[in-house]
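Dear colleague,

Please find below the structure that I am handing over to you. My findings follow directly after it, and I would be grateful if you could read them with the model open.

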Amino acid sequence: MNPAAPAFSVGTRVAGAVLMLGYLLGFVPGAVMSVVGGLGLITFGRCITADAGGAARAATALTILAGALGVAALRWGTISLQQIVGAQSVLGPSITVGPNVAAGAAWGALVAGVAAVGVWAAAPPSGSPLARRPGHILEVAVVVLALSLVFAAPGAGGSLGSVGSAPLEWAITLSVTVLGTAAALLVARHAVGRTGWVVLGLTAVVILAAGGVVTTI
Amino acid sequence: MGFLYLANAVLALGAALSAGATTSARSRYLQGVAVGGIVVAALFFFAPGVGDTWRTTRLSAMDARLVGITTGCAWLVFAAAEARRRDGRWDVAVLVGVAATSVAFIGGSRWSVPWLVLWVPGALAVVLAWSARTARLLIAAGTASITAGLALSASASDSWALPVPADGMKLALVAAGAVAIVVAATLGGDAARGGAGAAMTPIAVGAAFIVLGGPGRAAGPFASLIVVVAALVCGVVDLLRGASTARWIRPWIVGVMTAAALLAFDPYLISRAGATAILGATALELWPESLGRAQIERGALVALLALTAGFNAIASAALISFRHAIDAAVLWRAGPWSAVTALLPATLAMGLVIGSRVARSREEEAYSVAGVIATWTVFVVAVLIGVFPFGARGTSGVTLYAVAAIAGIAATRVLPRPNVVPELVGRVDVDLRPFAPPRAIDRGAGVAAAVVLAAAVLAVLGFAYEGLRVGFL
């Protein structure tokens, strides 16, 4: 193996996380694909030091996560993160806004997205137990934060930055993110090998169905 | 501005004058000529004459960037190969100079006849430099198709103005010609140590993207779908092989970017897609010259990572296809746009896997310093284009990108590195077999290609005469 690869793996993962947080926390206006770009950097860093199966599952999970974020974009008819959060600030979180079938599709995309994060996280760059890797857990939390903001962001004045200005709503976003991260890590403990591919297959079907539903409403 | 268009021709002439010198002196001289070519390319890239009219030319910012990157990469590959071989290939330098001049003129030309007359010598130069039979024929066929499209447009409109874009069947002919040239570029590059034609790969790719940004623009989502599916198949083949090889990676990255460029006309999209295709193809042509080094840079280019021009192209294509899918009034119009939108994340994911395999590969050390520096240069240019605006939609992301890059670099010094999965140690993920001596020149294919190009020239002269006769001017 190229001796510089492990160091480059660390660098790209950190760069990707910084990029994602910059867009998610509203420091820079961004679109859904901007977040996918940061996620891609993190995934690249993981793939460098993962085995072939783990790399393939991580990359497939990235595709499904991009699809989940795309469902939110289709739901609100925009790819701008600010506009997606802004729409939720007026009408409510994506998972609660009617019609019921659209809210159900949003729920499905959120749950499928969290499951895909679990499979994505199941190939950690090292063989150490997940609990002893705070950086790894932080990566998972950043990705779940992206899903939380597009599906379950509470109303907060219409901008990503103002989510933080209201303590209760900030607490709700954090709670959803923490719960989602815990769920993803739980999935990650079991979603290795063939199980991981089964989970990815199911999440792909759910995402496609959710996308079809929100497209037709 | 006229000086810039003719500068590469002057360099070609200068290279020819060195034919009588000793091999070592000629080699050093030709490396200097190549450096001159790179300087001219940089001048094109920063384009002081954008918007100026000179004779039948008027250079747009998008075309200036594409011409600069194309010709710069061609001279870079020649310089790296010459620095290693030191055999003073003045004939290759002349061909590169002629082809670079052609690319410069087709980038700026606004009339059909001069466009074609000035492209044909470049196509001929590419055909002469390459050794792959199918690639040579495809260059000729692509040129013939573009000639037919432009000739039909001129006849239909009673004008020599370059149709931007062409329409209907004429657009299909022009776009198909550009795709044929791109396919030729993925086949014809001499990814072989000592191969003289490697410098022509960026020329062919760049010329195709200039066409796709001009008369062949906005072919639409159906064309884009076909090309992206073909590119994905190439990527799947590479992944299934168990060891990556330039033979399948080159059509993958060039195909994905071609699909993006076919989607719609957007100068930002075309320039980023073209830059990524040219730089990616160049890095793969430089692989034999940098064997054992720059694996990460190659892998990052192939992976279409954020912070590089490749991701900008993918994101821009996704934005355009998403908007068309949303705005389409009927399902059958939205369908292809939606399909493209759905496939783009898959191309990104495939790029990550292929690129990570290339990045972590351990290779035999058989590099030249010039080849490694050239690869690093290509990578840096891709990052600069990805991070800095150059005509993009805003500058707010630049600071964030810079902070992310600095944080990543700092992390490599501070944070512990991950343990390597044991099965990766000692594993070879790159197939080095294609790096073999080039094949002998196939004279039959060369003659056939020359015949097709000659026919294209006659057709150009024919419709030029017809235009003059009926008073197009």
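Three helices of chain B, namely α9 (221-240), α10 (246-263) and α14 (331-360), each supply at least two residues of the lining of the largest cavity. Please bear in mind throughout that this is a predicted model. The residues that line the largest cavity are B:Ser224, B:Val228, B:Ala259, B:Ala260, B:Leu263, B:Ala317, B:Val340, B:Leu343 and B:Leu344. Sorted by class, 8 of the lining residues are nonpolar and 1 is polar, while no charged residue takes part. The space inside the largest cavity amounts to about 50 Å³. In total, 5 cavities of 30 Å³ or more were found.

I turn next to the interface of chain A and chain B. Here 45 residues of chain A are in contact with 47 residues of chain B. The size of an interface is often given as the accessible area that is lost when the parts come together. Between chain A and chain B, the buried area is about 3800 Å², and carbon and sulfur atoms give 77% of this area.

On the side of chain A that touches chain B, at least two residues come from each of the helices α1 (5-24), α2 (32-48) and α3 (52-76) of chain A. The helix that gives the most to this side is α1(A), with 13 residues. By class, the side of chain A that touches chain B holds 31 nonpolar, 13 polar and 1 charged residues.

Finally, a word on charged pairs. Side chains of opposite charge can pair when their charged atoms come close. Over all chains, the search of the whole structure gives 12 salt bridges. One salt bridge joins the side chains of A:Glu139 and A:Arg46, at 2.8 Å from N to O. This pair links distant parts of the chain, since A:Glu139 lies in helix α6 (residues 134-151) of chain A and A:Arg46 in helix α2 of chain A, 93 residues apart.

With kind regards

Technical notes: Residues are numbered from 1 along each chain as its sequence is written. Chains are lettered from A and ligands numbered from 1 in the order in which they are written. This is a predicted model: local features need pLDDT of at least 70, side-chain atom pairs count only at pLDDT 80 or more; totals for chains, interfaces and linings use all residues. Side-chain values use heavy atoms; hydrogens and water are left out. On a 1 Å grid over the protein atoms alone, a cavity is a set of points where a 1.4 Å probe fits but cannot get out, and a pocket is an open set with protein on both sides within 12 Å along at least five of seven lines; lining residues have an atom within 4 Å of a point. Grid points are joined across faces, edges and corners, and a volume is the space filled by probe spheres set on the points. Helices (H or I, at least four residues) and strands (E, at least two) are DSSP runs, numbered from the N terminus. Ala, Val, Leu, Ile, Met, Phe, Trp, Tyr, Cys and Pro count as nonpolar, Asp, Glu, Lys and Arg as charged, and the others, Gly among them, as polar. Contact means heavy atoms within 4.5 Å. Buried area is the accessible area (1.4 Å probe) that two parts lose on being put together, summed over both. A salt bridge is a side-chain nitrogen of Lys or Arg within 4 Å of a carboxyl oxygen of Asp or Glu.
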